Amino acid sequence: MAIKKIGLLGGSFDPVHLGHTRLAETAREALALDELQLLPAANPWQRPELAASAQHRLAMLEIAIAKKPRLAINPMEIERGGKTYTIDTLEQLPGNARYYWITGADQIANFCSWHRWEEIAARVRLVVAQRPGSSAQAPAPLQEALARENTPLISLPFEATAISATDIRRRLAQDLPVDGLLDDAVAQYIRRHGLYKPAASQPIKV
């Protein structure tokens with residue numbers, strides 16, 4: 001039986017935007033992946049506290065990929081709770097697949113600050129997509145680690161996008177338009193639940 005090729009795209013998805021889903025679909029097609037899993041973080045250790053709850057972020061992801069059958073949500077980091085470290089996630093994944101970690105050039109530049117980064121590089125194929133203002137060049141220690149594993153960095157052909165969750169949250173807080181940045185159904189969900197407003201409450205309304 002052929003080993004499955006699974007892509008992994010981690011992030012806070014606070015909120016999930018069109019840049020995320022375009023990157024996921026581009027990676028799935030370019031790498032001929034059997035599936036691409038979106039991994040929403042519980043509590044990213046290098047990021048400030050997230051604006052939306054895990055429930056809301058999962059709900060928005062479900063809406064965003066509802067018509068994208070080869071994309072899936074893997075909630076393991078949220079279910080695990082606590083600080084989110086990529087190596088913990090990789091150790092928890094089944095060992096019967098080949099995994100491709102999809103990331104942006106900005107994150108690759110910072111990769112060697114990740115917890116147990118050398119073990120991460122040994123466990124997955126690293127795939128980098130261009131981001132505005134960032135070089136897709138891996139830092140020297142990462143290049144050396146990849147050379148030892150004989151697994152070169154994979155460059156993903158992806159049109160750089162300036163879509164930013166930080167900018168989207170600012171726009172939503174100021175009642176500015178977010179057309180072309182969010183899936184329309186995700187934008188409707190955000191408005192319905194009053195997310196990203198100053199002092200907004202986060203519980204899902206019933």
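In strand β2, Ile6 has Glu35 as its bridge partner.

Some ground rules. This is a predicted model, in which local features need pLDDT of at least 70 and side-chain atom pairs count only at pLDDT 80 or more, while totals for chains, interfaces and linings use all residues. Residues are numbered from 1 along each chain as its sequence is written, and side-chain values use heavy atoms, with hydrogens and water left out. Helices (H or I, at least four residues) and strands (E, at least two) are DSSP runs, numbered from the N terminus. Two strands pair if DSSP finds at least two bridges between them.

Now the strand β1. With β2 (residues 35–40), β1 pairs in the parallel sense over six bridges. Five bridges join β1, residues 4–11, to β4, residues 97–104, and these two also run parallel. In β4, Ile6 has Tyr99 as its bridge partner, and Gly7 stands opposite Tyr100.

The whole sheet is open and has six strands, in the order β3-β2-β1-β4-β5-β6, with parallel pairing. Its edge strands, each pairing on one side only, are β3 (71–73) and β6 (154–156). On average, neighbouring strands are turned by 30° against each other, direction ignored. Axes here are lines fitted to C-alpha atoms, for helices over the stretch in contact, and angles run from 0 to 180 degrees between N-to-C directions.

The loop between β1 and α1 holds Phe13 and Pro15. Most residues other than glycine have a negative phi, and most peptide bonds are trans. Phe13 has a positive phi, near 50°. The bond joining Asp14 and Pro15 is cis, with omega about 5°.

Last, two helices. The axes of α2 (residues 54–64) and α9 (residues 184–193) come within 9 Å and cross at roughly 150°. That makes α2 roughly antiparallel to α9, a label for angles over 145 degrees. Which residues of α2 meet α9? They are His56, Ala59, Met60, Ile63 and Ala64, which meet Ala185, Val186, Tyr189, Ile190 and His193, contact being heavy atoms within 4.5 Å. By class, the contact has eight nonpolar, two polar and no charged residues. Ala, Val, Leu, Ile, Met, Phe, Trp, Tyr, Cys and Pro count as nonpolar, Asp, Glu, Lys and Arg as charged, and the others, Gly among them, as polar.

Note on methods:
Parallel < 35°, antiparallel > 145°, perpendicular 65-115°, else oblique.
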